[in-house]
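Okay everyone, thanks for coming. Today I'd like to talk through the charged side chains in one structure, so let me put it up.

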Amino acid sequence: MLPSAGVYYFPWEIDSSVPEGKTLRTFGRLCCYDLARSEAVLTTQHNLAQYKVCVDTKFVEPFQAQVGSFYMVLGEVEHREETSSPVVKARILTCVEGVNVPLLEQAIQEQRKYFNERQEQRENSTS
């Protein structure tokens, strides 16, 4: 069975409330990469705050890490005792340098709105 498509989460939405094993998509600028530990850190700024997402890269190695470039990741959430925030076990880690971040954020918001409207229509038609 294939994993689910992955819901977009903004980096500032990824916290301990995201269920273990949930497939998600997110993005950020690669701030550091440790090949020996198979870990990368993506960062994003939002409302004057800096957010970081830890990424386990074991399943996507080797890859050409370009520190400072913008990346999109698809993977499953894993909660680890040694870190307070969840880790994304990457299935796909793609450099998307040059992406228009405000436009990406707007597209994610529009997608969410569409899915919510579609869900409401389904619920209303079954009532």
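Before I point at any helix, a quick word on the term: helices here are DSSP runs of H or I with at least four residues, numbered from the N terminus. And keep in mind that this is a predicted model.

So, helix α1 covers residues 101-126, and glutamate 117 sits in it. That glutamate 117 is partly exposed, at 40% relative accessible area. Together with Glu110, Glu120 and Glu123, Glu117 forms a negative surface patch.

Now the pairs. Side chains of opposite charge can pair when their charged atoms come close. The count here is nine salt bridges.

One of them joins glutamate 97 to arginine 29, with the closest N and O atoms 3.5 Å apart. Those two are 68 residues apart: glutamate 97 is in the loop between β6 and α1, arginine 29 in strand β2. Glutamate 97 is partly exposed at 46%, and arginine 29 is partly exposed too, at 36%.

What does serine 69 contact, leaving aside its neighbours within four places in sequence? Both of those partners, Arg29 and Glu97, plus Gly28, Leu30 and Cys95. Serine 69 is in the loop between β4 and β5, and at 9% relative accessibility it counts as buried.

Next, glutamate 76 and arginine 91 meet at 2.9 Å, N to O, linking strand β5 to strand β6. Here glutamate 76 is buried at 13%, whereas arginine 91 is partly exposed at 45%.

Last one: arginine 80 and glutamate 78 pair at 2.5 Å.

Methods:
Residues numbered from 1 in each chain as written. Predicted model: local features only at pLDDT ≥ 70, side-chain atom pairs only at ≥ 80, totals over all residues. Heavy atoms only, no water. Patch = residues over 30% accessible without salt bridge, like charges linked within 9 Å, V, L, I, M, F, W, Y side chains within 5 Å. Areas by Shrake-Rupley, 256 points an atom, 1.4 Å probe, with all protein chains shown as cover. Salt bridge = Lys/Arg side-chain N within 4 Å of Asp/Glu carboxyl O. Lys, Arg positive; Asp, Glu negative; His and termini not counted. Charge placed at Lys NZ, Arg CZ, Asp CG, Glu CD. Buried < 20%, exposed > 50% of the residue type's maximum accessible area, 1.4 Å probe, protein only. Contact = heavy atoms within 4.5 Å.
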